Amino acid sequence: MILHGYYRSSASYRVRIALNLKGLTASHVPHHLRKNEHKASDYLALNPQGFLPALVTDDGRVLIQSLAIIEWLNDTHPEPALLPEDPFERAQIRAFALAIACDIHPVQNLSVLQRLKREGLPQDRIDFWARDVIEKGLDACEILARPDTPFVSGDTPSLADICLIPQLYNARRYEADVARWPRLTAIEARANALKAFADALPEKQPDAEP
Ligand SMILES: N[C@@H](CCC(=O)N[C@@H](CS)C(=O)NCC(=O)O)C(=O)O
């Protein structure tokens, strides 16, 4: 498999965690976001949205959208399960993941932030807005995460944890006040103690920059 990504892309980071949890290897092809490499025609041929990541499967088919990729990995490699059997619990975990992937993360997308800058919004207001969305979104996640389990919704990491850890990484980049989320940061510490999460950290990737 080939994962087209970028070390600091949180959607790519999600897929790296999932691959590692499943014990799968993929060649990593980096596309530098700030150099607009994700808008090159050869990448757009893989993902017409021009967003990272894209996964080329071992039989040469292409998947886009990190959550769809992760669900495909989970369907084709069921162990360890990233979603529970129970339909209600599955829906709860998807809801947590979607709260991050649909409602928090898109606001910090490079194209959104660059657009605001082009429209003349000062950098400190852009950063404030990004941070504010992260803080309000993760405040809700702090309540949604179960208080009685080591991970967001169980004894092992799920799709919810896979979305949470990159979002907390992003929260720190925007200097959000992570101390307000004791439950989430405890989950983060547990997750990052696992090799699958530690190896997926942005700074561990070959394209990482200082
Ligand atoms: N919903 C998409 C989001 C993908 C996405 O936003 N990727 C970012 C990097 S984390 C990107 O490629 N941004 C490029 C841009 O905004 O131009 C997914 O989960 O894969």
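1. How do the residues of the lining of the largest cavity divide into nonpolar, polar and charged? There are 4 nonpolar, 2 polar and 1 charged. For these classes, Ala, Val, Leu, Ile, Met, Phe, Trp, Tyr, Cys and Pro count as nonpolar, Asp, Glu, Lys and Arg as charged, and the others, Gly among them, as polar.

2. A word on the basis. This is a predicted model, in which local features need pLDDT of at least 70 and side-chain atom pairs count only at pLDDT 80 or more, while totals for chains, interfaces and linings use all residues. Residues are numbered from 1 along each chain as its sequence is written, and side-chain values use heavy atoms, with hydrogens and water left out.

3. The cavity search. Rolling a probe the size of a water molecule over the atoms shows where empty space is left. Here the search of the whole structure finds 1 cavity of 30 Å³ or more. The largest cavity holds about 30 Å³ of space. A cavity is a set of points, on a 1 Å grid over the protein atoms alone, where a 1.4 Å probe fits but cannot get out; a pocket is an open set with protein on both sides within 12 Å along at least five of seven lines; lining residues have an atom within 4 Å of a point. Grid points are joined across faces, edges and corners, and a volume is the space filled by probe spheres set on the points.

4. The cavity lining. Its residues are Arg8, Ser10, Tyr13, Pro166, Tyr169, Asn170 and Pro202. α7 gives the most, with 3 residues. Helices (H or I, at least four residues) and strands (E, at least two) are DSSP runs, numbered from the N terminus.

5. The largest pocket. Its volume is about 840 Å³. It is lined by 37 residues, and the closest to its centre are Leu33, His105, Gln108, Asn109 and Leu110. At least two lining residues come from each of α1, α3, α4, α5, α6 (123-144) and α7. α5 supplies the largest share, 5 residues. By class, the lining has 15 nonpolar, 15 polar and 7 charged residues.

6. Where is the ligand? The ligand sits in the largest pocket, meaning that more than half of its atoms lie within 2 Å of the pocket's grid points. Two elements give two or more residues to the shell around the ligand: α1 (10-22) and α5 (110-118). The largest share, 3 residues, comes from α1.

7. The ligand shell. It counts 16 residues, and the closest are Leu52, Gln65, Ser66, Asn109 and Ser111. The shell divides into 6 nonpolar, 8 polar and 2 charged residues.

8. A polar side-chain atom of Gln65 lies 2.7 Å from a nitrogen atom of the ligand. For Asn109, a polar side-chain atom is 2.8 Å from a ligand oxygen. An N or O atom in the side chain of Arg14 is 3.2 Å from an oxygen atom of the ligand. The protein covers 91% of the 510 Å² of accessible area that the ligand has on its own. Accessible areas come from the Shrake-Rupley method with a 1.4 Å probe; for residues, only the protein chains shown count as cover.

9. Backbone points to check. Gln65 is in the loop between β4 (62-64) and α3. Its phi is near 70°, a positive value in a residue other than glycine. The peptide bond from Leu52 to Pro53 is cis, with omega near 10°. Pro53 lies in the loop between α2 (41-44) and β3 (54-56). The bond from Glu79 to Pro80 is also cis, with omega near -10°. Pro80 is in the loop between α3 (66-76) and α4 (87-101).

Methods
A residue is near a molecule or strand if one of its heavy atoms lies within 4 Å of it. A polar contact is a pair of N or O atoms within 3.5 Å; within protein, one must be able to donate a hydrogen and the other to accept it, and residues adjacent in sequence count only if both atoms are side-chain atoms.
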